[in-house]
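Q: Hi! I'm new to this one, could you walk me through it?
A: Happy to, let's bring it up and take it piece by piece.

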Amino acid sequence: MNVLVIGNGGREHAIVAALAKSPSVDKIYCMKGNAGIAELAECVNVDYCDLKAVGDWVDAHPDVQYTVIAPDDPLALGLADELESRGHRVFGPNKKAAEIESSKAFAKALMKKYNIPTAAYEIFDDYEKALAYVEKGKFPVVLKADGLALGKGVLICETLQQAKDGLKQIMLDKAFGAAGNKVVVEEFLTGKEFTPGEEVSVLTFTDGKTIVPMIPSCDHKRALDGDKGLNTGGMGTFTPCPFYTKEIADEVMNNILLPTVRAMNAEGRTFKGVLYFGLMRTPDGMKVVEYNSRFGDPETQVVLPMLKTDLMEIFQAITDERLADVKIEWEDGACVCVVLASGGYPQSYAKGKQITIGDLDKDVFLYHAGTARENGMLKTSGGRVIGVCAKGRTVKEARAKAYANVKKISFEGMQYRTDIGIKYNAEE
């Protein structure tokens, strides 16, 4: 069949690369794609947040028998509903189900109602009331813009002054736009001895009846080494997660994954697609930090290369609600992704810088994010530019390969973290 993939980042490149291996996939279109995706798919220049324009394009291309919606924005807007209403087969949750990501307030209320472990919180749509609340609270405290903010709408405030500044930034200055009309003020979850807790990303496949976890991965959100600097969309990832034992996986399945699927069903919001769980290990057990209604980025870039099962087969089974019939298998070993970003990211940055890539080693692959071709030359076109991914028998081996090949790539202002894959003693 011919397939349309919606999106233009590293996550979408990883999805397209996995679908290209499927014997049931003939041609792939990508809306809008990037320079790397263009090597595997025909890129289509349509605004994927314009639901009618996307629907009209799919209507006009009857050879496209399946659409995969990867980013959060079109899911939150209801692109799955739009395409399904026109009779098209779609991978991705409908608008009501996607609200588990598009509204942090909804997600927190859901967890509270169904006793799914998460941090204590309060929700405010009034700046003065939020300010009065944090003035009486303890620190650190976490502030979250309610809506979608490209993974950057979370502020960890260690002092009252930082919290005041953060509330002003979110609610008054509208640093994250309408996403900041409401703010979630949340307890800061800790690990042992009040150090930041250990975090893990668990992406899952679910058809609303069955839920199957993918291999766990660890994201590096902050811009700078040592988890310093501003929050970003993600500067790198690795799998497997060293502390995620079978015992923890069982705890998460019983206390978090299955209860979430059941809660969404009970609310009339059956979730079909990829449901992402951002989790933290605390002295009181595993707790939910956040939900996403789609594949994570850059987690997808280390998870999908380890998938042995045909991704298209899994997608079709989810659409048809027969996921229980598919045996999902994974490779042994590890994978590490180092994100190369434009100078200045996650704040202002220049575009149009020429990218030079040397000969890469075997088992190393690039997932393009912010890239474009101009007059035959590869140039930067976004904040996160390329993910350098490598496989190995261990995280240590995969990490060494990834960084050896980072040195073969260059563009003006290129920045990256040098410590991807070493937290939680992953290299030992």
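Q: Where is the kink in helix 9 centred?
A: Helix 9 has a kink of about 45°, centred on Met 253. Keep in mind that this is a predicted model.

Q: And how far apart are the end C-alpha atoms of helix 9?
A: They are 28 Å apart. Helix 9 covers residues 246-266, and at 1.5 Å a residue its 21 residues should span 30 Å, so the two values agree.

Q: Which residues are buried in helix 9?
A: Met 253 is one of them, and the others include Ile 248, Val 252, Ile 256, Leu 257 and Pro 259.

Q: What covers the buried residues there?
A: The cover includes helix 5 and helix 6, along with strands 10, 11, 16 and 17.

Q: What comes just after helix 9?
A: Gly 268 is found there, with a positive phi of about 70°.

Q: Back to helix 5 and helix 6: at what angle do their axes cross?
A: At roughly 95°, and the axes come within 6 Å. The two helices are therefore roughly perpendicular to each other.

Q: Which residues meet there?
A: From helix 5, Glu 99, Ile 100, Glu 101 and Ser 102 meet Lys 104, Phe 106, Ala 107 and Leu 110 of helix 6. These contact residues divide into 4 nonpolar, 1 polar and 3 charged.

Q: New topic: is Thr 67 buried or exposed?
A: Buried, with a relative accessible area of 1%. Thr 67 sits in strand 4, and beyond its neighbours within four places in sequence, its contacts include Leu 4, Ile 6, Val 58 and Phe 91.

Note on methods:
Residues are numbered from 1 along each chain as its sequence is written. This is a predicted model: local features need pLDDT of at least 70, side-chain atom pairs count only at pLDDT 80 or more; totals for chains, interfaces and linings use all residues. Side-chain values use heavy atoms; hydrogens and water are left out. Axes are lines fitted to C-alpha atoms, for helices over the stretch in contact, and angles run from 0 to 180 degrees between N-to-C directions. Helices (H or I, at least four residues) and strands (E, at least two) are DSSP runs, numbered from the N terminus. Angles under 35 degrees count as roughly parallel, over 145 as roughly antiparallel, 65 to 115 as roughly perpendicular and the rest as oblique. Contact means heavy atoms within 4.5 Å. Ala, Val, Leu, Ile, Met, Phe, Trp, Tyr, Cys and Pro count as nonpolar, Asp, Glu, Lys and Arg as charged, and the others, Gly among them, as polar. Buried means under 20% relative accessible area, exposed over 50%, partly exposed in between (1.4 Å probe, protein chains only). The expected span of a helix is 1.5 Å times one less than its number of residues. The bend at a residue is the angle between axes fitted to the seven residues ending there and the seven starting there.
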